[in-house]
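Biologist: Hi! I'm new to this one, could you walk me through it?
Modeller: Happy to, let's bring it up on screen.

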Amino acid sequence: DALQQANATNIDQLLTHAVYSFDALTHQPTWSGTGWSSMLTGVWVNKHNVYNNSFLSPNYAQYPHFIARVETINPALHTASVVHWGPINSIINTLCDEEYTYSTDLEVTNKAVDLLTNANPDVLFVDFDDVDHAGHLYGFHPSVPQYLNSIEVTDSYIGNILTALHNRPAYPDENWLILVSTDHGG
């Protein structure tokens with residue numbers, strides 16, 4: 001609901017050529033560890049065994065994240081993960097060719113743009129965390145100006161990444177799939 005009210009022109013542009021839904025299923029209560037584990041492994045909590053952010057006994061050996069699957073199928077593919085929320089790289093997503101963890105979404109954006117401009121990733125995973133922070137601090141509601149502003153700033157970062165992607169010399173011959181999601185709503 002907040003995304004639909006925010007001035008998020010880059011995400012709105014993606015939606016014009018997308019399959020999407022503003023309704024989703026998640027495990028209750030929602031936690032980042034559970035949400036990212038479910039999305040990145042493709043299985044529910046009863047299989048990956050991450051019920052919160054403590055990661056007491058994850059089952060990523062049996063249910064690896066998607067980049068581990070990519071690396072298993074074709075280790076020659078160049079994979080990169082650029083995140084703000086550290087446990088994605090330190091616990092969940094541990095088999096990338098390149099992993100970067102930053103303390104701000106702006107740093108995440110700059111590294112993603114750098115990789116698209118100066119490297120040649122086949123898979124690029126990017127995690128922003130400021131919208132989640134704004135929601136926890138001020139409230140997860142479209143009537144909260146700080147929350148809407150955070151969505152709009154993140155949308156501008158997505159725009160920077162999309163510009164770098166579209167400016168790649170080989171872009172017309174590449175076949176990119178872009179996925180945009182929250183880790184647990186909000």
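**A chat about helices, cores and salt bridges**

Modeller: Before we start, keep in mind that this is a predicted model. Let's begin with H8: helix H3 (32-41) and helix H9 (145-166) are among what covers its buried residues.

Biologist: Which residues of H8 are buried?

Modeller: In H8, which spans residues 130-138, the buried ones are Val 131, Asp 132, Ala 134 and Gly 135. They share the same side of H8, because the arc they cover around the axis is only 160°.

Biologist: And what is exposed on the other side of H8?

Modeller: That would be His 136 and Leu 137.

Biologist: Switching topic: is His 48 buried or exposed?

Modeller: His 48 is buried, because its relative accessibility is 0% and anything under 20% counts as buried. You'll find His 48 in helix H4, residues 45-48.

Biologist: What is His 48 in contact with?

Modeller: Leaving aside neighbours within four places in sequence, the contacts of His 48 include Thr 34, Ser 37, Pro 58, Tyr 60 and Tyr 63. Also, a polar atom of the His 48 side chain lies 3.5 Å from the backbone nitrogen of Val 45.

Biologist: Okay, how about the largest nonpolar core? How many residues does it have?

Modeller: It has 16, and those touching the most other members are Val 82, Leu 115, Leu 116, Leu 124, Phe 128, Ile 158 and Ile 161. At least two residues each come from strand E1 (79-83), helix H7 (105-118) and H9. H9 gives the largest share, 6 residues.

Biologist: What does Leu 124 contact?

Modeller: Beyond its neighbours within four places in sequence, Leu 124 is in contact with Ala 80, Val 82, Ala 112, Leu 115 and Leu 116. Apart from this core lies another one of 14 residues, including Trp 36, Leu 40, Ile 88 and Val 123.

Biologist: Last topic: how many salt bridges are there?

Modeller: The count is 2. One joins the side chains of Lys 111 and Asp 114, at 3.2 Å from N to O. Both residues sit in helix H7, 3 residues apart, about one turn of the helix. Lys 111 is buried at 17% relative accessible area, while Asp 114 is partly exposed at 30%.

Biologist: And which residue does Glu 174 pair with in a salt bridge?

Modeller: Its partner is Arg 168, with the closest N and O atoms 2.6 Å apart. Arg 168 is buried, at 6% relative accessible area, whereas Glu 174 is partly exposed at 23%.

Notes
Residues numbered from 1 in each chain as written. Predicted model: local features only at pLDDT ≥ 70, side-chain atom pairs only at ≥ 80, totals over all residues. Heavy atoms only, no water. Buried < 20%, exposed > 50% of the residue type's maximum accessible area, 1.4 Å probe, protein only. Helix = DSSP H or I, 4+ residues; strand = E, 2+ residues; numbered from the N terminus. Arc of directions from axis to C-beta. Contact = heavy atoms within 4.5 Å. Polar contact = N/O pair within 3.5 Å; in protein donor to acceptor, adjacent residues only side chain to side chain. Core = buried A, V, L, I, M, F, W, Y, C linked by side-chain atoms within 4.5 Å. Salt bridge = Lys/Arg side-chain N within 4 Å of Asp/Glu carboxyl O.
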